[in-house]
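Please open the structure in a viewer and keep the selection tool at hand. The stops below are to be taken in order.

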Amino acid sequence: MEIVKTTQVTKVFKGVEAVSEVNLSIKEGEIYGFLGPNGAGKTTTIRMLLGLMKPTSGGIELFGERIINHRQHIRALKQIGSLVESPSYYAHLTARENLEVLRKILGVSRNRVDEVLDIVKLTKEANRPVKGFSLGMKQRLGIASALLGNPRLLILDEPTNGLDPAGIQEIRSLIKEMPRENGVTVLISSHLLYEIDHLATQVGIITKGKMLFNGSIESLRKKAKHQVAFTIGEVEKAKTILLTNGLVPTVNKNSLLLDYIDHEQVAHLVYQLVQENVSIYRIEEKIKSLEDIFLKLTSEENEHVHKNTAG
Amino acid sequence: MFIKILQAEGMKLKRKWLWFLLFLGPAGVVGLTLVDYSVRYEYLIQQNPNVWEGLFHETNITLPTAFLLGGTILASNIAHVEYHRSSWKQLLSLPVTRLSVYTAKFIVVMAMLLIASAFLSIGIIGLGWWLGFGLPSSWKTLFVYNFYPFFSAIPFVAIQIWLSMLFKNQSRSLALGIMMSVTMSGMGELPSWFIWQWPMLVFSDYRNTYMITGAIIGIFLYGAGAFHFIRKDVA
C-alpha cells in the first residue's frame with residue numbers, strides 16, 4: 001500500500017515554481033531518501049505533505065486517501081510524526097515538559113513520554129530546560145516529539161543537519177531500527193547522499209523543484225558501475241575498432257569511456273589498437289561513487305536550466 | 001479536544017514572567033492612584049461628592065494605557081513563544097485545526113486580561129478602604145469602571161493578536177500597540193469609529209455602547225484574523 005503519493009504537485013511562490021510537478025510514491029515499510037541540494041524544494045514538498053502549505057496545483061494522497069480538505073489532512077496527521085528543519089521547542093521548558101505539551105494535544109498515555117525519552121537516550125536530561133541542550137540533544141528531542149504519537153509515517157527533514165559525525169551515526173542507527181521494529185514508514189530528506197546511502201531503500205532526487213530520479217537505491221547504484229577510460233592518439237580510428245568489437249564508447253576529448261569490461265577484454269582491445277598503430281597513452285579504471293552520480297544528476301539539471309534561461 | 005489545546009497553551013506559559021505582569025499592571029495603577037491621593041488628598045476629596053466615583057475617575061488616568069500596554073505585551077508573547085524556536089511548524093503539523101490554535105491563543109490572552117482586571121478591582125477596593133471611603137457605594141459602578149477597558153479594548157487586542165501571529169518580527173506589532181496605548185488619551189477629536197480610542201472613553205455618554213460594540217467588533221476582528229491565519233502558509 002502506498003503511504004504517500006503525490007501527483008504533479010506544484011508550489012508557486014510569487015511566480016517562481018519552488019516545486020514543479022513532483023510525483024512521490026512511498027510504500028509501507030520503506031525508508032525513502034529524499035535527496036537534493038539546498039533550496040531544491042525538499043522542505044516545501046514536505047511542508048505540503050504536512051498541511052503547512054497548500055499546493056498551487058496537483059494532488060496529495062496519504063494512507064490511501066486523497067486529501068481534499070483540512071479535516072482529511074488532520075485525520076492523516078494523527079498518523080504522522082514529523083521533524084522539519086531546525087529543531088522546534090519551547091526553550092524555557094524542560095525536555096519532559098516540551099513532550100508533555102505535545103502529549104496533551106496528541107492524547108497519548110503518560111508512559112509514552114518516558115518511552116520516547118528512552119528511545120532517544122534523553123532520560124537523564126529530561127528535567128533540564130532545553131535552552132541548555134546541545135544541538136544534537138535538541139535534534140534528538142525533535143525525534144522523540146516525532147515518535148510521541150506512535151506514527152505510521154515518520155517525516156524527517158534534514159534530521160542530521162549541523163550534527164557532528166557521532167551524532168549523525170546515532171540518528172542514523174535510530175532511524176534504521178524504526179521500520180524493522182514498529183513497521184514505521186520513513187521519509188527522510190537530506191542534501192548529502194552518503195548520509196542516507198546505507199539507510200534508504202528507495203531514493204528520490206530533486207533539483208530546482210523537479211524530480212530527476214525516483215527508484216530503488218540499487219538501481220541508482222547500478223549507475224555507479226566502474227568505467228574504463230582509454231586515453232589515445234586517434235580517437236575516431238579507435239572508436240571504429242571498439243565498435244567492430246561490439247562495444248559502444250562515450251567520447252570525451254581524447255579519451256574513450258567504456259562501461260565495465262573484464263581483464264581479457266582489455267588485453268584484447270589493447271592488442272587490436274596496437275596492431276592498428278593507435279597510440280595508447282593511458283588506460284584507467286574510473287570509479288563513480290553515488291556521490292558523483294548525485295552531483296552529475298543535479299548539475300546537469302543546473303546546466304540545462306542555465307541554457308534555457310540564456311536562450 | 002479544545003480543552004487539551006487550551007491546557008497545552010497554559011503549559012507553554014509555565015515559568016514565564018507574564019504571570020507576574022498580571023499583578024504588576026494592577027499594582028502599578030493602584031500605586032499611581034495612591035501617589036495621586038497622597039499628594040493632593042484635600043483637593044481630590046472635594047472634586048466629587050461621591051468619593052468612590054472620584055476614585056474611579058482618578059484611576060482611569062492610568063488604567064487604559066496600562067491595560068492596552070498589557071494587552072500588547074501578552075498578545076506578542078503568545079505568538080513569540082511559537083516563533084522563538086520555530087515551533088509553529090511543529091504545532092501546526094499536529095492533528096489540530098488552525099482555528100482551535102488561534103482561538104486558544106485568543107482565549108488565553110483575554111483570560112489573562114480578565115484576571116488582571118479582577119486584581120485591579122480588588123486593589124481599588126483596598127485602596128478606597130485604606131483612604132477611609134469604606135466599601136464601594138455601588139458594586140455595579142465599580143464593575144463598569146474597572147472592566148470597561150476589558151470590553152472596549154477587544155478590537156484592539158484582536159488586532160494585536162493577529163499582527164503578532166502574522167509577523168515573526170515582534171517589533172512590528174509591539175510598535176503599533178505601544179504607539180496606540182500611549183497616544184490615544186486626549187484624542188477626542190478622532191472620529192468615534194476609531195476603535196483604538198474606545199478604551200479611553202469611559203467618561204463618554206456612550207460608554208455602554210462602546211463596551212457592547214467593542215465586544216461585537218472585537219469578535220468580528222478575531223474571526224477575520226483567524227480566517228487569515230487558517231489560510232496562510234507556514235514557513
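The tour that follows goes from the interface of the chains to chain B and then to chain A. The model is a predicted one.

**Stop 1: the interface**

Select chain A and chain B together. How much area do chain B and chain A bury between them? The value is about 2,900 Å², and 59% of it lies on carbon and sulfur atoms. To display the contact, colour the 31 residues that chain B contributes and the 31 residues that come from chain A. Within chain B, pick out K89(B), Q90(B) and P95(B): these residues lose the most area to chain A, and together they account for 22% of what that side buries.

Next, turn to the charged pairs. Three salt bridges are found across the interface of chain B and chain A. To inspect a salt bridge between the chains, select E97(A) and K14(B), whose closest N and O atoms are 3.0 Å apart.

**Stop 2: a surface patch on chain B**

Select W17(B), F20(B) and L24(B). These residues form a nonpolar patch on the surface, and their accessible area together is about 350 Å². L24(B) belongs to helix α2 of chain B, which covers residues 18–47. Is L24(B) buried or partly exposed? L24(B) counts as partly exposed because its relative accessibility is 45%, a value between the cut-offs of 20% and 50%.

**Stop 3: annotated spans of chain B**

Colour residues 61–81, 102–131, 143–167, 174–196 and 208–230 of chain B, which carry the feature "transmembrane region" in an unreviewed UniProt entry. Two of these spans may be examined in turn. Residues 102–131 of chain B are 97% helix and 0% strand, and the C-alpha atoms at the ends of this span are 43 Å apart. Residues 174–196 of chain B are 43% helix and 0% strand, with the end C-alpha atoms 14 Å apart.

**Stop 4: a buried glutamine in chain A**

Move to chain A and select Q139(A), in helix α5 (residues 135–147). Q139(A) is classed as buried because its relative accessible area is 1%, and the cut-off for buried is under 20%. Which residues does Q139(A) touch, not counting residues up to four places away in sequence? Display L83(A), E85(A), P87(A), E158(A), P159(A), T160(A), N161(A), L163(A) and I171(A) to see these contacts.

**Stop 5: an exposed tyrosine in a strand**

Select Y281(A), which is located in strand β15 (residues 280–286) of chain A. At a relative accessible area of 54%, Y281(A) is exposed. Its contacts, leaving aside residues up to four places away in sequence, are T231(A), I232(A) and G233(A).

**Stop 6: two lysines with positive phi**

Most residues other than glycine have a negative phi. Against that background, select K121(A), whose phi is positive and near 55°. K121(A) sits in the loop between α4 (111–119) and α5 of chain A, and K121(A) is exposed, with a relative accessible area of 59%.

Finally, select K208(A). The phi of K208(A) is also positive, at about 50°, although K208(A) is not a glycine. K208(A) lies in the loop of chain A between β10 (202–207) and β11 (210–216). With a relative accessible area of 44%, K208(A) is partly exposed.

Methods: Residues numbered from 1 in each chain as written. Chains lettered and ligands numbered in written order. Predicted model: local features only at pLDDT ≥ 70, side-chain atom pairs only at ≥ 80, totals over all residues. Heavy atoms only, no water. Patch = residues over 30% accessible without salt bridge, like charges linked within 9 Å, V, L, I, M, F, W, Y side chains within 5 Å. Areas by Shrake-Rupley, 256 points an atom, 1.4 Å probe, with all protein chains shown as cover. Salt bridge = Lys/Arg side-chain N within 4 Å of Asp/Glu carboxyl O. Helix = DSSP H or I, 4+ residues; strand = E, 2+ residues; numbered from the N terminus. Buried < 20%, exposed > 50% of the residue type's maximum accessible area, 1.4 Å probe, protein only. UniProt positions renumbered as here; feature names shortened; annotations may be inferred. Contact = heavy atoms within 4.5 Å. Buried area = accessible area lost by both parts, 1.4 Å probe.
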